[in-house]
Amino acid sequence: MTSQLDFFAAPVLSATTKVAKPQAVAGREQGGFSFDDEAMAHHLEETGNYRILRRLSPRSVVEHARPEFSRQGVFLDTETTGLNYRSDEIIEIGVVAFSFNDAGDIGDVTGVYGGLQQPTIPIPAEITRLTGITDDMVAGRAIDASRLKYFIEPADLIIAHNAGFDRPFCEAFSPMFCNKPWACSVSDIDWSARGFEGSKLGYLIGQSGYFHDGHRAVDDCFALLEVLGQTRPGSITTPFAELHQASQRSRVRIYAENSPFDMKDHLKARGYRWSDGSDGRPKSWWVELPEEKLDEELHFLRTEIYGWDADPPVKHLTAVDRFRAV
């Protein structure tokens, strides 16, 4: 029977197989020999029988960003006591500031901030299980709003992985977030077309070849930075370039008010979602689309849903307006 220790022995290679020369500095000593971790990982991958995940190492913060990257962006993540921005609270916020250019190329990391805050209620056990944040960790702690403003105020774009969740919480926390352009790395990127089978951050990280300590705000921001900056085989541009381009386009939100009840399944199948009116939106089925699809969608509603020349409410949106609570 093969001993477990045999798995750590030097691999048996054919005479024609070449591997990187082991490096004593980066390796580990085993039985008088030194093995370079990356060489071992590369060899396993080359067999076709293994996929290696590498620990994600946060990029270094630079003192002076390269001048060719003139735009300022912020990756942002929050941890909260629950899902409702009206009644729940932020217990942690993390931001990673970075530079980028008009082509959507990421430049340098220019700053990092992570802060904990004690909520007015005990942290629910499920949130502690998910995030690892305990009441003891947040006791007496408060997010430094002035430090946060230092990064948010000059930002040309704020990116969150599910901005529809993070933006309402952030705006409830401080008005500094209210009139900034936002983008969502879930809805503004076609992950399926890029070969991904899901859009959850943990899955994106794993399929990109990394693992990290998830569900802590700053760690998730750095993870999102690496995923969005990586060009995968078969892709011409990075996910961030796609997201940046999407943030430049105007969109429309169409509310199919007073649509016939028996048409609800047709609307749902076309991507419409129901609003019960409690969030400030009209009580109706609604959809958000690129502005150039407005005429086509109005034609669909008038011919397939209403059966007459209806004029449903339309709201025009830019990155400054999108992902608000209302």
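Predicted model: local features only at pLDDT ≥ 70, side-chain atom pairs only at ≥ 80, totals over all residues.
Two strands count as paired when DSSP finds at least two bridges between them.

**The open sheet and its helix**

That pair belongs to the contact between β10 and β13, strands that run antiparallel and are joined by four bridges. Both are part of an open sheet of four strands, ordered β11-β12-β10-β13 and paired in antiparallel fashion. The edges are held by β11 (273-275) and β13, each with a single partner strand, so one side of each has no neighbour in the sheet. On average, and ignoring direction, neighbouring strands here are turned by 30° against each other.

A helix joins the picture at this point. Helix α10 packs on the sheet, where it touches β10, β12 and β13, and its direction makes about 10° with that of β10. Which residues of α10 (residues 294-306) are buried? They are Leu294, Glu297, Leu298, Phe300, Leu301, Ile305 and Tyr306. As for their surroundings, the buried residues of α10 pack against β10 (251-256), α9 (264-269), β12 (284-290) and β13 (314-317). After the helix comes glycine 307, with a positive phi near 80°.

**Strand β4 and its two partners**

As background, strands of a sheet pair through backbone hydrogen bonds, either parallel or antiparallel. Strand β4 is joined to β5 (residues 90-100) in the antiparallel sense, and to β7 (residues 157-160) in the parallel sense.

| Strand pair | Direction | Bridges |
|---|---|---|
| β4 and β5 | antiparallel | ten bridges |
| β4 and β7 | parallel | four bridges |
| β10 and β13 | antiparallel | four bridges |

**Pocket and cavities**

Now for the spaces in the structure. The largest pocket has a volume of about 780 Å³. Its lining is made up of 32 residues, and those nearest the centre are Gly164, Arg273, Arg281, Trp286 and Phe323. Elements giving two or more residues to this lining are α5 (163-173), β10, β11 and β12. Which element gives the largest share of the lining of the largest pocket? That is α5, with five residues. Sorted by class, the lining of the largest pocket has 13 nonpolar, seven polar and twelve charged residues.

A search of the whole structure also turns up two cavities of 30 Å³ or more. The second largest cavity holds about 30 Å³ of space. It is lined by Trp182, Ala183, Asp188, Ala246, Ser247, Arg249, Thr318, Ala319 and Arg322. Two elements, β8 (182-184) and α8 (239-248), each give two or more residues to that lining. By class, the lining of the second largest cavity comes to four nonpolar, two polar and three charged residues.

Note on methods: Residues numbered from 1 in each chain as written. Heavy atoms only, no water. Buried < 20%, exposed > 50% of the residue type's maximum accessible area, 1.4 Å probe, protein only. Contact = heavy atoms within 4.5 Å. Axes fitted to C-alpha atoms, helices over the stretch in contact; angles between N-to-C directions. 1 Å grid on protein atoms, 1.4 Å probe; cavity = no way out; pocket = protein on both sides within 12 Å on 5 of 7 lines; lining within 4 Å. Points joined across faces, edges and corners; volume = space filled by probe spheres on them. Nonpolar A, V, L, I, M, F, W, Y, C, P; charged D, E, K, R; others polar.
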